[in-house]
Amino acid sequence: MAVVDPTEVEVNGFAELGPRAGPSNGVIQVTMDTAPLTITAPLIVEDGVESRPDAEEDYSEAESHNQLSTTGYVYDTRMLDHWPTIVHDNEEDPHPEQPERISKIYSALRTAMCFKRMRKLKTRDLLKHEAMLVHSEDHWDKVDAIAMMDDEAIRNSETYYERLSLYIHKHTPQVAKLSAGSVIETCLAVARGDVRNAFAIVRPPGHHAEPEEHMGFCFFNNVAIAARVVQQETSIKKILILDWDVHHGNGTQRAFWTDESVLYISLHRYESGTFYPSGPYGSMESCGEGKGLGTSVNIPWPTKGMGDADYLYAFEKVVLPIAYEFAPELVIISAGFDAADGDILGECFVTPAGYAHMTHMLSCLAGGKLAVALEGGYNLDSISRSALAVTQVLLGEAPPELPPMVASEEATETIWHVTMQQSQYWKCMHPKAVEPRDEVQAHTLSIPELLKLYRADYLFRAHKMYQIPFVDESLESRFNGQIVCTTLVVFMHDLCNLRVELDGKTHCNVQQEKSYLVDSTKQLIEWVTNSEEYGYIDLNLNAQPIPQTRLHHATAKSADQAVREAVVYVWDNYIEHVRLSEAQNVVFICHGPGCRATMSLLPARDVKRKVQAIVHIVAKGLPPKAPQDEMQSWYRTRSLVFVPKDNSLLGDSPKRILKRYGNVRPLGKLYYVPFLIDHSAKGIFLLQDIDSSVRMLSAALPFIQAFVTEGTIGLAQTQPVETNGEPVTSNNYTGSFDEI
């Protein structure tokens, strides 16, 4: 064995090492485009094979073996041996994934004296059986074969590897295995409790490496393999992988696509699938499959320029709530720093303080078991400062104070859509809580407010109807302008329907020329108000939103509570005490929230004397039930409940429907609906195929119209009629029917 001192040969920003004659002092001088890096490590030549031990042992042994430290790290200068074999003369700048990425981070941490408080963990090569927990054997062989390629073979394969966004060197397989093996040791040390947290300063990165393919500067998926090894060798099974690299970690997500035990959350530039690695895989709709459905959470930024406020807003509204609900036993950060301010590839503005705060929030999970593995990041100054900020938080320092800031419109819109998508899988996701409002909120009107104004204007101009006041201040603020009357039929409903056409799910931009308002109540209102015999109360029960300033106020009422109080108020002040007319027969026609609100009135007030009929139009879910007392029989004879023909209450084989649900009949078939007036049977026919609440109201209108016109004394059971599909009316029907 011989120890020799290498000579320094400068080759376009990278140093090639070769032996020279003369005395050796065991110092290797590697010259890059920036300041020289001096590493005290002897180059050992044994049997013609060059090797180099862990280089920083000599100068950091005392400070890097602090056995009392709760924070570990891995770093190995052998990872500097991966660089482009082929460097073209016209390339002024080094490749973004350059060796100095990790040496600059190491230098920054050493200058800040972080290693005095850290414990150095061992580094080792990835083993084949470990790699095959994520990758195929063919993939292992493909990477391994690079070591056998000479310079000519590497040059001939340059185009192939460029298409995969890769460069190779004869040392690439060894360095890639060392990077992955070191991340495994980092995660195992945290999982086993040897250290509380740790930082793996490694390269090449790994999160783009897929089970069958290397790509995007990545050869083996370091973090994915480490997670699998931890699950195999420790008691830890539930793992959160948080990927804040500016590029989507397609390889990591694919590795756990059907696995419910690993939650993968990624914040990345997406831009409708045009930003690397491109395609639909990083979209917010890409949520996993099978048992893994919902355990892939993508937060896809629609543009460049995202900053601290945007990332911290995403953490507050999506990352942390889902993480707490998932309750991981170990957290691994795929820590790419290419979203950092100054990175020319990421073009975003996350500061070191921003990364520190994100790390601090994640350290509250899994009992503080947190492993950080370096991914991307290509501005040497940005990556070293950001990595230092993360390390200081791992060491227990408080993150730097941030100034007041507000998330961008792009961020709030994205988070809203993400919460809508993830609310299918996570109970903690509440889209309405993060629905964006324009920054000029004081000068805007919500859609419910606009529809209220439209309705009040229409009812006044078309039917000379006026709003009736609320004395209760809280009800006045939420329902003012939504109750308009002349005399008396009570119609309780929700808002009109907005039909819009969008140019894309991600941005939800409305094509105004293809959008319109559907008001299915006009026919009913026009018919009742044009009659001199019957009065009308229009009660819109879709409460206006609570202002943001009162959202968490102790006296703020829920929407359901406010609706119930509004209905009771109208009954007490405008029906029971006959302020509006002398009508003694009241018909409730209920649609949407009005159905349950009416049923809450039955036990609260004596309605038997005046209410002659209650009509419910239930588009979704089960109909409301009457109270469990003598009201059931009364309600059964006075009610008619329309439901879609596929309602779960009916089922494939209809069974006896409880009396509490009232007189339930499906819309979608032909029915003869008789009712009793002065002891004589009369009725109407109804034939409709119904698939929406709007169409249900229109379909039920003929019955409602005939019922109110003919009288409101009693209501008999409905009876089906078989026809040949021809329209049937009370004038042309001549068949017979049996009672159900």
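What follows is a short chat about a predicted model.

Biologist: What should I know about the model before I read it?
Modeller: It is predicted, so local features need pLDDT of at least 70 and side-chain atom pairs count only at pLDDT 80 or more, while totals for chains, interfaces and linings use all residues. Residues are numbered from 1 along each chain as its sequence is written, and side-chain values use heavy atoms, with hydrogens and water left out.

Biologist: Which residues touch the most other members of the largest nonpolar core?
Modeller: Trp244, Ile299 and Phe337, in a core of 118 residues. A nonpolar core is a set of buried Ala, Val, Leu, Ile, Met, Phe, Trp, Tyr and Cys residues joined through side-chain atoms within 4.5 Å. Buried means under 20% relative accessible area, exposed over 50%, and partly exposed in between, with a 1.4 Å probe and protein chains only.

Biologist: What is Phe337 in contact with?
Modeller: Leaving out neighbours within four places in sequence, its contacts include Phe199, Trp244, Tyr355, Leu374 and Val390. Contact means heavy atoms within 4.5 Å.

Biologist: How many residues are in the second core?
Modeller: That separate core has 35, among them Val586, Cys590, Met599 and Val607.

Biologist: New topic. How do α10 and α11 cross?
Modeller: Helix α10 (residues 308–326) and helix α11 (residues 352–362) have axes that come within 9 Å and cross at roughly 15°. The two are therefore roughly parallel, a label for angles under 35 degrees. Axes here are lines fitted to C-alpha atoms, for helices over the stretch in contact, with angles from 0 to 180 degrees between N-to-C directions. Helices (H or I, at least four residues) and strands (E, at least two) are DSSP runs, numbered from the N terminus.

Biologist: Which residues make the contact?
Modeller: From α10, Asp308, Tyr311, Leu312, Phe315, Val319 and Leu320; from α11, Gly354, His357, Met358, Met361 and Leu362.

Biologist: Is α11 buried or exposed?
Modeller: Nine of its 11 residues are buried, so the rest of the structure largely encloses α11. The cover over those buried residues includes β11 (239–243), α10, β14 (330–335), β15 (370–374) and α12 (380–394).

Biologist: And where does Leu370 lie?
Modeller: In strand β15. Leu370 is buried, at a relative accessible area of 1%. Beyond four places in sequence, Leu370 touches residues including Val190, Val331 and Thr359.

Biologist: Last one: where is Pro94?
Modeller: In the loop between β8 (71–74) and α2 (100–111). Pro94 is partly exposed, with a relative accessible area of 27%.

Note on methods. Angles under 35 degrees count as roughly parallel, over 145 as roughly antiparallel, 65 to 115 as roughly perpendicular and the rest as oblique.
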